[in-house]
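User: I'd like to learn how to read a model like this one, feature by feature. Can you walk me through it?

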Amino acid sequence: MSKELIRLVDCVMAFDEEVVLNDINLCINDREFLTLLGPSGCGKTTTLRLIGGFQKPTSGDVLFNGVRVNDVPPHKREVNTVFQKYALFPHLNVYENVAFGLRIPKKGEHGKKIKLSEQEIDARVTEMLRVVNLTGFEKRSVSALSGGQQQRVAIARALVNRPKVLLLDEPLGALDLRLRKDMQIELKRIQQETGITFIYVTHDQEEALAMSDTIVVMDAGRILQIGTPTDIYNEPENAFVADFIGESNIIDGIMREDGVVEIFNRRFKCLDSGFDKDEPVDVVIRPEDVDIVAEDQGQLKGTVTNVTFKGMQYDIIVDFYGFKWLIQTTDLSPVGSRIGIKIDPDGFHVMKKSEYSGMFGDYSSYSEEYDEIGDASLELVEEDAGDEE
Amino acid sequence: MKNKLSRFAVPYVIWMAIFVVAPIILMVIYAFSAADGSFTLSNFSKMTTYAVVFGRSFKLAIIATVICLLIGYPISYLMAREGARFQKVAMVLIMLPMWMNFLLRTYSWMTILENNGLLNQFFQSIGLIDLYNNIFGTEIEYFTMMNTQGAVVLGMVYNYLPFMILPIYSVIVKLDHSLVEAARDLGADNMRVFRRVTLPLSLPGVLSGITMVFVPSVSTFAISQMLGGGTYLLLGDLIERQFLGGAYNPQLGAAISLVMMVIVVVCMLVMNRFGEGEEQAVML
């Protein structure tokens, strides 16, 4: 089985009294693809910089293979980083950028410095450029490359050193959607081919779901949930996670007994248990788990108020007793029509109340919410750059 | 839009024509003519007698430039790494002397370096001169500092050092810190980060610093006259004499200026070659 490689123990990070990371405990296994996911300012980049050695925790420990490395500088760690804006050396060509790390003598087993021969450097650089599909670009100036090519040089430059761990700080952030999708597959392939542990920072939930073995959801300097993509999607810990990963309708409910939840004064069968009797809870219903039926056959009845064509499906907003839901369906129900819905017991997911209750999962202001999401991703680049000091 | 704005460039073009291009043309015409206005190359053949002056001028200017670089680079580097407040204070301190008149600044060095000037008085008071006499068995009363080539180089370094510091500093301070982090991440220690990243990326600043120190140094005449006492004739002095001094011969003066200009331009072009690939042009 996979063994533990990196562990963060009670890590706290504060800049001038402002706590950026609060009590981070995290274990990363060998050969794992782990993603730190969260909105801008959640502390994910700072967590990455702790592992890279660019910052020391205010308190707590960073362990590599069980050894404390808080005071080990970046150049002595078996970790390489793909930086957010790539940070390629503008005075070197593609080949020399990739060879940069190889030309530095490394300490061998007996403390002797080992220098690689030119042939070995050449072989490894050539091989790595093949892996990232940049054969033939050796002599190009890095400033003459497109964003996607620069990004691949950055990955090659880090990977060619055969690190134990590769840190990636929003590496696809600057690419357009199409290229981003291609690079996601490419990165996953490289990770499987090389068997290197990837720690990946992103604010894009789709990216996280598509690539990761493990997702760590963060907000406001804390870890909210750690789990596989399916766990995180199907069993979100609280309203924040449910809302951040995928679309969700989050409704106030009451847990009447194990397997029975009440919303809108109606009782539904569900699969959750382990709550107190009559405990107030948050109920998550994913838009794709709702079946539309004729009004008289529905468990709940509502009016369609908005329809958006999304290609594969329609996103429709339905008003149920004053609360607006997002439902994804392949059948068109025109605006103004009355519909009924059915939800299977496994379509309900019940969560304990948290500080995030009531903040998410309402689609009353549907279009505005989409605007906000767009803005957030724009702000992110500046904000994370500010993280550095 | 572009065309509308372009008429504002007209005065500038006229200015350039009158004060830059015309003098150069005049200089070339003068350099190739005899006193009666006929064409001649004798101005250039006469110049060979001044080869020593050429050699000395370039030697002193190169020494001054190298010293400026050796002092200026570390200062710029350290300054750029400090906090914003330190940088502001340091910048004011570097610029402060430049608010004073160039001649006044240089005169003040005369009172410092004179045989019974401030520095010699200081050496006397701490017993340095007696110590020197004891060790070497000499009987000097002061160190001769004025009217030496050293004093001339000192004057050049003092006056032109800011021109070395400013361009280097402005390049280093703008250097993307993530490049340093990337190098560190790839295993480079401080020394290697400097050698492989910071230094090569600051070369454009170094090249323009060298230009801005070397060009005025090689053509100076005030410094050599004030601190060198006129004993070490430099190119600038030589040219000045052909126009204003007793050896009135503007044709020869123009020829010397022309040759000096050509040498300097060639030097700069060679330097530019070095900095090829760096986006910043070195030519002034």
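Analyst: Helices and strands here are DSSP runs, a helix having at least four residues and a strand at least two, numbered from the N terminus. Read that way, chain B follows the pattern α-α-α-α-α-α-α-α-α-α-α-α-α-α along its sequence. That amounts to 14 helices and 0 strands. Keep in mind that this is a predicted model.

User: How much of chain B counts as buried, and what box do its C-alpha atoms fill?

Analyst: Of its 284 residues, 29% count as buried. The C-alpha atoms of chain B fill a box of roughly 75 × 70 × 30 Å, taken along the principal axes. As for contacts in chain B between residues at least 6 apart in sequence, 72% of them join residues at least 24 apart.

User: What is the confidence like for chain A?

Analyst: Confidence is given per residue as pLDDT, from 0 to 100. Chain A has a mean pLDDT of 84, and 92% of its residues reach 70 or more. Be careful with residues 367-389 of chain A, though: pLDDT stays under 50 there, and the model has 14 contacts beyond four places in sequence for that stretch.

User: Now helices. What should I know about them, and how far does α4 of chain A reach?

Analyst: An α-helix has 3.6 residues a turn, so residues three or four places apart point the same way. Helix α4 of chain A covers residues 147-159, which is 13 residues, and reaches 18 Å from its first C-alpha to its last. That is close to the 18 Å expected at 1.5 Å a residue.

User: Why is α4(A) described as largely enclosed?

Analyst: A residue is buried if 20 or more other C-beta atoms lie within 10 Å of its own. In α4(A), 10 of the 13 residues are buried, so the helix is largely enclosed by the rest of the structure. Among them are A:Gln150, A:Arg152, A:Ile155 and A:Leu159. What covers the buried residues includes β6, α2, α3, β9 and α5 of chain A.

User: Is A:Ile185 buried or exposed?

Analyst: A:Ile185 sits in helix α5 of chain A, residues 177-194. A:Ile185 counts as exposed because it has 11 C-beta neighbours inside 10 Å.

User: Last one: how many residues of chain A are in contact with chain B?

Analyst: The size of an interface is often given as the accessible area lost when the parts come together. Here we count residues: 16 of chain A are in contact with 16 of chain B. The chain A side divides into 7 nonpolar, 7 polar and 2 charged residues.

How values were computed. Residues are numbered from 1 along each chain as its sequence is written. Chains are lettered from A and ligands numbered from 1 in the order in which they are written. This is a predicted model: local features need pLDDT of at least 70, side-chain atom pairs count only at pLDDT 80 or more; totals for chains, interfaces and linings use all residues. A residue is buried if 20 or more other C-beta atoms lie within 10 Å of its own, exposed if 12 or fewer, and partly exposed in between; C-beta atoms are placed from the backbone. Two residues are in contact if their C-beta atoms, placed from the backbone, lie within 7 Å. Ala, Val, Leu, Ile, Met, Phe, Trp, Tyr, Cys and Pro count as nonpolar, Asp, Glu, Lys and Arg as charged, and the others, Gly among them, as polar. The expected span of a helix is 1.5 Å times one less than its number of residues. pLDDT is the predictor's confidence in each residue, from 0 to 100.
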